[in-house]
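Please examine the structure shown below with its sequence alongside.

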Amino acid sequence: MTLVEFDRVRRPRTGDLSLVAGPRLVVAGETGARLLAGPPAHAGRETRPSHDARLGAIELVDLEPERLRASVRESGLLGRGGGGFPTATKFDVAATSPGVPIIVVNASEGEPASRKDQTLLELRPHLVLDGALVAAAAVGASEIVIYSHASHATATDALRAALSERAESPVRCRLVDAPDTYIAGETSAVVSYLDGRGAIPSRGVIPAARAGIAQRPTVVNNVETLAHLALIARYGASWFTQAGAPEAPGSTLLTLAGAVREPGVVVEVVGPATLGEVLEAYGGLSEVPRAVLLGGYEGTWMPGREAWGTPVERHRLAQLGMSLGCGVVAVIDDDTCGLAQTARLVAWLAGQSAGQCGPCIFGLPSLSEQLDAVVAGRARKSDLRRLREVVASLRGRGACGHPTGVATLVESALDTFAIELSTHLRGEVCSVTSAARGFPLPSRAVPR
Ligand code: SF4
């Protein structure tokens, strides 16, 4: 069960203040939290009456499309699905392209360790639906499609219940069950699936916002992005920009995973904070961990000492060559071998290919085998060059970011776990070869 530390976010203890209060924080009705403000997690789904009583109903007729798009532009809202694309740009393209636009709520959350979108849907479904309706108003859409996994049962149930409380919705909403694969949430795969062609990514030159489903302008937004939008429509762009950094405004949801007190906990970071502060206050860590995987399973490994002082700010991370991605912060402790963990993830990721591009079909299984050999102590120093060549051959290849993501994961693992790598390449048994506290993988995962 995913839990949200609502109370701690809303009523910070002394010492948590760096998370929820900072020079750019403005409290709007609630103390600190924005998306996670409201009734505590144990209260479950927020009903429509409770949601409207807390935030006030949005009068969609008052939302004039041009002014709404201008407000989104002014807010600087960036997509929270991983790509960080400016939301206003998508809206502007869709609103000025031929055809009646469609809004897609991308609730597939295929990243196995991520819980933020499911959490928002479980607890604040009306905030997300408000955001979808605001997006529809901004571009003149006639239809909202919610693309979600049936396997996210609690979130789907909450969504269905919330939709039943909105029978009077001015825009038609329908729920579509997304395929249960890692890449099914990639924007072009989403559009392809909803267009009846399977969840296969493509590197199209025409953006979905211009011509997507049935050649209609299609705006695909992540759940968290839409929840922010619902608040921007209420409180305005200047309120939104008072959290986060000027280059990437607004609060950010993180999911903590791995060797933390409560894997799967979702934390909202409103004010300036470092990863160390978040992990100490919400992950229950009292000392620097062995390493942190930032941004999901196709993210970047960092030594714990380096991660500890790293700011939770998308633009600062980009300057460091990293990405917050979907907001997963996964930790390993001293009992876990980062190389074994990486090999386990790569084996799973290799099985997630859509099977249409050479780098995926041939490169990923080969890489997985080579990593297995390293972890088992069967590889030698001379094999490392070949492994690095395979990694380099994946970068920038394929019709989607899957091969590049795996390359990022493996390259950062080879750097972060250089000492362990030397041990394995000497054929010595690593003292922590087990992936004892393995990161979560769906049941279709390759067993280890
Ligand atoms: S790169 Fe891989 S996952 Fe992406 S479209 Fe090609 S085969 Fe599919």
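Which residues of S4 are buried on one side, and which on the other? Thr218, Val220 and Asn222 are buried on one face, and Val219 and Asn221 are buried on the other, so that both faces of S4 are covered.

## Basis of the report

This is a predicted model, in which local features need pLDDT of at least 70 and side-chain atom pairs count only at pLDDT 80 or more, while totals for chains, interfaces and linings use all residues. Residues are numbered from 1 along each chain as its sequence is written.

## Overall make-up

The secondary structure of the protein consists of 19 helices and 11 strands, taken as DSSP runs (H or I of at least four residues for helices, E of at least two for strands) and numbered from the N terminus. Of its 448 residues, 54% count as buried; a residue is buried if 20 or more other C-beta atoms lie within 10 Å of its own, exposed if 12 or fewer, and partly exposed in between, with C-beta atoms placed from the backbone. Among contacts between residues at least 6 apart in sequence, 74% join residues at least 24 apart, a contact being a pair whose C-beta atoms, placed from the backbone, lie within 7 Å.

## Strand S4 and its partner S1

Strand S4 is largely enclosed by the rest of the structure, because 5 of its 5 residues are buried. S1 and S4 pair in the parallel sense over 5 bridges, where pairing requires that DSSP finds at least two bridges between the strands. Within this pair, Val105 stands opposite Asn221 in S4.

Asn221 is also among the residues that Val105 touches once those up to four places away in sequence are set aside, and the others are Val128, Ala132, Ile144, Ile146, Tyr147, Val223 and Leu226.

## The largest nonpolar core

A nonpolar core is here a set of buried Ala, Val, Leu, Ile, Met, Phe, Trp, Tyr and Cys residues joined through C-beta atoms within 7 Å. The largest such core has 133 residues, of which Val105, Val278, Val329 and Val346 touch the most other members. Helix H7 (residues 125-139) gives the most to this core, with 11 residues. At least three residues of the core come from each of domain 1 (35-242) and domain 2 (338-425), the bounds being those of an automatic or database domain assignment.

S9 pairs with strand S10 (residues 300-303) in the antiparallel sense over 4 bridges, and Leu293 stands opposite Trp301 in S10. These two strands form a hairpin with 5 residues between them, and Gly295 in the turn has a positive phi of about 100 degrees.

S9 is also joined by 4 bridges to strand S11 (residues 328-332), and the two run antiparallel. In this pairing, Ala291 stands opposite Ile332 in S11.

## The ligand shell

Of the 13 residues around the ligand, Ala354, Cys357, Cys360, Gly398 and Cys400 come nearest; a residue is near a molecule if its C-beta atom, placed from the backbone, lies within 6 Å of it. By class, this shell has 8 nonpolar, 5 polar and no charged residues, with Ala, Val, Leu, Ile, Met, Phe, Trp, Tyr, Cys and Pro counted as nonpolar, Asp, Glu, Lys and Arg as charged, and the others, Gly among them, as polar.

## Individual residues in loops and a helix

Glu109, in the loop between strand S1 (102-107) and helix H6 (116-123), has a phi near 35 degrees, a positive value in a residue other than glycine. Glu109 counts as buried because 26 other C-beta atoms lie within 10 Å. Gln215, in the loop between helix H9 (187-194) and strand S4 (218-222), likewise is not a glycine and has a positive phi of about 65 degrees, but with 13 C-beta neighbours inside 10 Å it counts as partly exposed.

Gly140 lies in the loop between H7 and strand S2 (143-148) and is exposed, with 12 other C-beta atoms within 10 Å. Beyond its neighbours within four places in sequence, Gly140 is in contact with Pro65, Ala95 and Pro101. Tyr282, in helix H12 (residues 275-282), is buried, with 24 C-beta neighbours inside 10 Å. The C-alpha atoms of Tyr282 and Glu262 are separated by 8.5 Å, although the two are 20 residues apart along the chain.

Technical notes: Two residues are in contact if their C-beta atoms, placed from the backbone, lie within 7 Å.
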